[in-house]
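User: I have a structure open and would like to go through it. Can you take my questions one at a time?

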Amino acid sequence: MKRFTTILVAAAVVLLAASPAMAHEKGSWILRAGVGTVAPESDNLDLGAGGVIEVDNGTSLTLTGTYMITQNWAFDILAAWPFSHDIELNGVTVASTDHLPPTFSGQYHFIPDGKFQPYIGLGLNYTTFFSTDTEGPLGGSSLSIDDSFGLAAQLGADIELNEKWVINLDLRYISIEADATLDGADLGKVEINPWVYAISVGRRF
């Protein structure tokens, strides 16, 4: 996260000194495509004497669409190609799963007419898990992870290349807590709660 913040600050210093930019316009869209990494917190599920389950990072294609309600206020949709994660028990890979995290947020854009256009956002995330397979010590067992609803906070910026194209840097914290079962037995709640880092190319419409 420190590296991401450094990139934002450096971009601001360079671009705020540049020529005037095109402002966000009411009713316009910004569509972006890029790469994002979902980085779960550590120790996602403590099984007590049974050990600790951890969900590894996953990287995938991300897609976002931002609709400008006014020059400052916007509605944002996050979509993605499925993220894949290995699941470890005491450091040994015992399963893998895919997930999709569609997220809907309201945003406030601080400098809609700047070359560097930072924003914050707050919204709701829905996460669904699928293609969950077991291996190693849990091979042959049935692991299930329920869907999750949670809040999502966002910090990012569009860096204008010209009147149509932008580079986007985006950081989100998403509350993802889902119940898990193994062969029908309740394991407890998996607390994934990831930071999501993304860099994208966007175009205004």
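This is a predicted model: local features need pLDDT of at least 70, side-chain atom pairs count only at pLDDT 80 or more; totals for chains, interfaces and linings use all residues.

User: Strands, then. How many bridges join E9 to E11?

Analyst: Strand E9 (residues 116-134) and strand E11 (residues 148-160) run antiparallel and are joined by 12 bridges. Within that pairing, glutamine 117 stands opposite aspartate 158 in E11. Strands here are DSSP runs of at least two residues (E), helices are runs of at least four (H or I), and both are numbered from the N terminus. Two strands pair if DSSP finds at least two bridges between them.

User: And what about E11 and E12?

Analyst: E11 also pairs with strand E12 (residues 165-174), in the antiparallel sense, over nine bridges. A hairpin through four residues joins E11 to E12. Alanine 152 stands opposite isoleucine 174 in E12.

User: Back to aspartate 158. What does it form a salt bridge with?

Analyst: Its partner is arginine 32, with the closest N and O atoms 3.0 Å apart. Arginine 32 is in strand E1 and aspartate 158 in strand E11, 126 residues apart, so the pair links distant parts of the chain. A salt bridge means a side-chain nitrogen of Lys or Arg within 4 Å of a carboxyl oxygen of Asp or Glu.

User: Are those two buried or exposed?

Analyst: Both arginine 32 and aspartate 158 are buried. Buried means under 20% relative accessible area, exposed means over 50%, and partly exposed is in between (1.4 Å probe, protein chains only).

User: How many salt bridges does the count come to?

Analyst: The count comes to seven. One of them joins lysine 115 and glutamate 160, with the closest N and O atoms 3.9 Å apart. Lysine 115 lies in the loop between strand E8 (103-109) and E9, and glutamate 160 in strand E11, so this pair ties together parts 45 residues apart in sequence. Lysine 115 counts as buried because its relative accessibility is 13%.

User: New topic. Where is serine 28?

Analyst: Serine 28 is in the loop between helix H1 (2-16) and E1. At 9% relative accessibility, serine 28 counts as buried. Leaving aside neighbours within four places in sequence, serine 28 is in contact (heavy atoms within 4.5 Å) with Thr66, Tyr67, Met68 and Phe205.

User: Last one. Which residues form the nonpolar patch on the surface?

Analyst: Trp29, Leu31, Tyr67, Ile69, Trp73, Phe75, Ile77, Phe104 and Phe205 form it, with about 840 Å² of accessible area together. Strand E1 (29-39) and strand E5 (73-80) are the elements that give two or more residues, and E5 gives the largest share, three residues. Patches take residues with over 30% relative accessible area and no salt bridge, joining like charges within 9 Å and nonpolar side chains (Val, Leu, Ile, Met, Phe, Trp, Tyr) within 5 Å. The areas come from the Shrake-Rupley method with a 1.4 Å probe, and for residues only the protein chains shown count as cover.

Conventions. Residues are numbered from 1 along each chain as its sequence is written. Side-chain values use heavy atoms; hydrogens and water are left out.
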